[in-house]
Amino acid sequence: MALLPLSAANAAQAQDAAPPPRELVVTAAKLFDSRSGRLLDNPQVLIRDGRIVEVGRAGDAAPAGAKRLDLAGMTLLPGLIDMHTHLDADPTYGGYTSLQFNDRFWSVLAVKHAQDTLAAGFTTVRNLGADAWNDVGLRQAIDEGKLSGPRIVSAAYGFGATGGHCDSTFFPPSMQQRSPFNADSPEQARQRVRELRKYGAQVIKICATGGVFSRNTEPGQQQLSLEEMKAVADEAHRWGLKVAAHAHGTSGIKDAIRAGIDTIEHASLIDEEGIRLARQHGTWLSMDIYNTDYTQAEGKKNGVLEDNLRKDREVADIQRENFRRAHQAGVKMVYGTDTGVYPHGQNGRQFAVMQRYGMSAAQAIQAATANAAEALGSKDVGVIEKGRWGDIIAVAGDPTRNVALLEAVPVVIKGGEVVKDAR
């Protein structure tokens with residue numbers, strides 16, 4: 001018998017010792033094509049070692065040893081993407097009630113919130129602001145397989161002007177509370193981008209205007225200048241990072257778009273010029289048009305201050321009508337909920353509201369799949385196609401006819417592993 005060269009022998013031994021590939025074949029009645037918004041019949045999806053390797057039709061050849069998951073009568077969709085979450089926030093502690101807990105309480109709660117989010121069918125989230133690097137640590141633990149949760153694109157700390165929405169605004173000067181990342185000049189803004197990226201930020205979050213749930217700020221107030229936002233966008237893009245701007249107010253929205261910010265969060269008071277600018281620049285809008293239902297129903301009981309509830313009431317209907325106007329004008333839209341303002345795991349409740357304010361069910365689903373992936377700059381998620389992660393959900397029925405099906409997702413697959421099967 002001929003002897004193999006030593007290097008070839010070692011390679012053969014390594015191949016023999018390698019574990020067999022993890023393979024899963026998924027079949028169902030329908031598949032939602034998130035690029036076209038259409039349903040495809042009798043799909044078969046082969047996932048190998050976490051990645052989709054083939055999308056065909058039921059009955060196609062498949063590896064003999066692969067596990068099989070037959071979801072008869074169900075519709076497959078890409079794992080959903082929420083572009084605006086706060087995994088270390090809990091809405092049942094509003095106003096000053098959170099002060100009864102140690103700082104690390106929120107780090108621990110984030111673990112359960114991540115699990116609830118994944119169980120709701122959201123296999124990817126963009127976490128736009130956390131305290132104490134909580135979202136960075138959570139992402140690392142999930143990626144290492146130590147915890148169950150969605151894929152997280154982490155912003156770490158959001159930042160803005162001293163005294164603005166991203167600062168600590170609820171305490172007197174004797175308590176010396178402030179965000180460690182306030183930026184009050186273009187030079188400071190560039191430095192903050194570099195510092196946050198250094199310690200794990202994968203997207204930059206800024207507060208361009210005042211907000212609803214801060215104290216002593218109004219949503220319409222612009223709080224970062226055009227020059228400061230330009231510095232943020234330029235520095236972040238230099239490092240290959242996207243930028244999200246919290247911006248309720250009209251002038252702040254328009255300057256954020258002009259500055260080259262990638263996504264505008266909330267966009268509540270956008271006007272016709274802002275809509276035109278967003279369309280012209282290709283800027284994505286992420287408008288959280290469900291959460292006021294929860295806040296107005298439960299906020300007072302949860303300790304939210306009346307001034308915050310007042311601001312929420314004032315912008316709610318305006319934001320929803322502006323969502324309708326922006327969508328009708330052809331502005332690019334993604335799905336962002338601001339969960340943490342309302343309970344994690346209820347992310348899917350916004351789909352029906354988006355449909356009520358002008359989107360078709362298919363368009364709302366695309367906002368949380370192919371559109372969101374494009375806005376993230378990711379070719380790994382958002383579409384069921386070869387090469388992407390095997391992140392798939394399934395619902396019983398047709399979500400393009402009844403989008404409320406996505407409020408309670410029974411089957412969730414992440415990276416080719418079935419993490420929930422509640423059929």
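The model is predicted, so to speak of local features we ask for pLDDT of at least 70, side-chain atom pairs count only at pLDDT 80 or more, and totals for chains, interfaces and linings use all residues. Residues are numbered from 1 along each chain as its sequence is written, and side-chain values use heavy atoms, with hydrogens and water left out.

Let us start with the overall layout. The protein chain is assigned domain 1 (23-79 + 383-421) and domain 2 (80-345), with bounds that come from an automatic or database domain assignment. Taken over C-alpha atoms, the centres of the two domains are 31 Å apart. Where they meet, 13 residues of domain 1 are in contact with 12 residues of domain 2 (contact means heavy atoms within 4.5 Å). Between them the domains bury about 930 Å², with 57% of it on carbon and sulfur atoms; buried area is the accessible area (1.4 Å probe) that two parts lose on being put together, summed over both. The domains also share 1 salt bridge, defined as a side-chain nitrogen of Lys or Arg within 4 Å of a carboxyl oxygen of Asp or Glu. Asp-391 forms a salt bridge with Arg-151, and their closest N and O atoms are 2.7 Å apart.

Now to the inside. The largest nonpolar core has 70 residues, and Ile-204, Ile-206, Ile-264, Phe-351 and Leu-406 have the most contacts within it. Such a core is a set of buried Ala, Val, Leu, Ile, Met, Phe, Trp, Tyr and Cys residues joined through side-chain atoms within 4.5 Å; buried means under 20% relative accessible area, exposed over 50%, and partly exposed in between (1.4 Å probe, protein chains only). Helix H5 (residues 226-238) gives the most to this core, 6 residues; helices (H or I, at least four residues) and strands (E, at least two) are DSSP runs, numbered from the N terminus. Because domain 1 and domain 2 both give residues to this core, it lies between them. Apart from it there is another core, of 16 residues, including Leu-24, Leu-31, Leu-69 and Ile-392.

Next comes the disulfide, and the count is 1, using a pair of cysteine sulfur atoms within 2.5 Å as the rule. Cys-166 is joined to Cys-207, S to S 2.1 Å. The torsion about their S-S bond is about 55 degrees, so the disulfide is right-handed. Cys-166 sits in the loop between strand S9 (159-160) and helix H4 (186-198), and Cys-207 in strand S10 (residues 203-207), so the pair ties together parts 41 residues apart in sequence. Cys-166 is buried at a relative accessible area of 17%, and Cys-207 is buried at 1%.

Helix H6 (residues 250-259) is mostly covered, with 7 of its 10 residues buried. Among them are Ile-253, Ala-256 and Ile-257, and Ile-264 touches each of these three. The buried residues of H6 pack against H5, strand S11 (242-247), strand S12 (263-266) and helix H7 (272-281). Just after H6, Gly-260 has a positive phi of about 95 degrees.

Finally, look at Thr-92, in the loop between strand S6 (80-85) and helix H2 (104-119). Thr-92 is partly exposed, with a relative accessible area of 38%. Not counting residues up to four places away in sequence, Thr-92 touches Tyr-294 and Asn-302. Thr-92 and Tyr-342 are 250 residues apart in sequence, yet 8.2 Å apart in space, C-alpha to C-alpha.
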